[in-house]
Amino acid sequence: MRITIEGASEEFERKLLELLAEHRHELTVTADTEWTVDRAERYLRSLPAGARRFAQLVIDRHGIASAVLLREQLGKLNGPTVALSRAIPRGVREGWWPEGTRAPITVLYDPENPSWQKAVAYRMSAEDVPVFRAALDRVATTEREAGEASAGAGASRAPDVPGRAEDR
């Protein structure tokens, strides 16, 4: 028997995968580990600012950014790359995506110098770039809307006037 479920909520997916895990000895289960806009958005929102900027630079360059450029923009890459690598297992633990979901950004090393592994670039697969671009646009839109909402709320409030209460 083969069952395909599309458009299910994340909660439904999590519960279904838990049920399937209980019966794993009786079934062959393959989970969809492809990146979707929703998963990519969750991934990006889970990142600290430096790691999100790192991802944005890779996305903005159609899926490949040189390590030199990234270092120029961000400084040391240790922090952002550690945050990127920790996001995948955290997402599996939290049930945001299934076990086996691949990291969206991978490192490229210098093939001329295999003994000393220094990154020369970071890449994202061509099929993931538009997915992550759409997710990045969603993140930017909601952050912009939140900023506008908080600015509007502050503008409507009367300013505090210094002085004694009875003078007001």
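The entries below follow that order.

Ground rules first: this is a predicted model, so I kept local features only at pLDDT of at least 70 and side-chain atom pairs only at pLDDT 80 or more, while totals for chains, interfaces and linings use all residues. Numbering starts from 1 along each chain as its sequence is written, and side-chain values use heavy atoms, with hydrogens and water left out.

**Entry 1, strands.** I took strands as DSSP runs of E (at least two residues) and helices as runs of H or I (at least four), numbered from the N terminus; two strands pair if DSSP finds at least two bridges between them. Strand 3 (residues 119-123) pairs with strand 1 (residues 64-66) in the antiparallel sense over three bridges, with Ala 65 opposite Tyr 122. Strand 2 (residues 106-109) also pairs with strand 3 in the antiparallel sense, over four bridges, and there I found Tyr 109 opposite Ala 119.

I found seven aromatic pairs (Phe, Tyr and six-membered Trp rings with centres within 6.5 Å; planes under 30 degrees apart are stacked, over 60 edge-to-face, the rest tilted). Tyr 43 and Trp 97 have ring centres 6.1 Å apart and planes at 55 degrees, so I logged the pair as tilted. Tyr 43 sits in helix 2 (residues 37-46) and Trp 97 in the loop between helix 5 (78-94) and strand 2, 54 residues apart. Trp 35, Tyr 43, Trp 96, Trp 97 and Phe 132 form one aromatic cluster.

Which residues lie nearest the centre of the second largest pocket? I noted Leu 17, Val 92, Gly 95, Trp 97 and Pro 98, out of 13 lining residues (on a 1 Å grid over the protein atoms alone, a pocket is an open set of points where a 1.4 Å probe fits, with protein on both sides within 12 Å along at least five of seven lines; lining residues have an atom within 4 Å of a point). Helix 1 (10-22) and helix 5 each give two or more residues to this lining, and helix 1 gives the most, with five.
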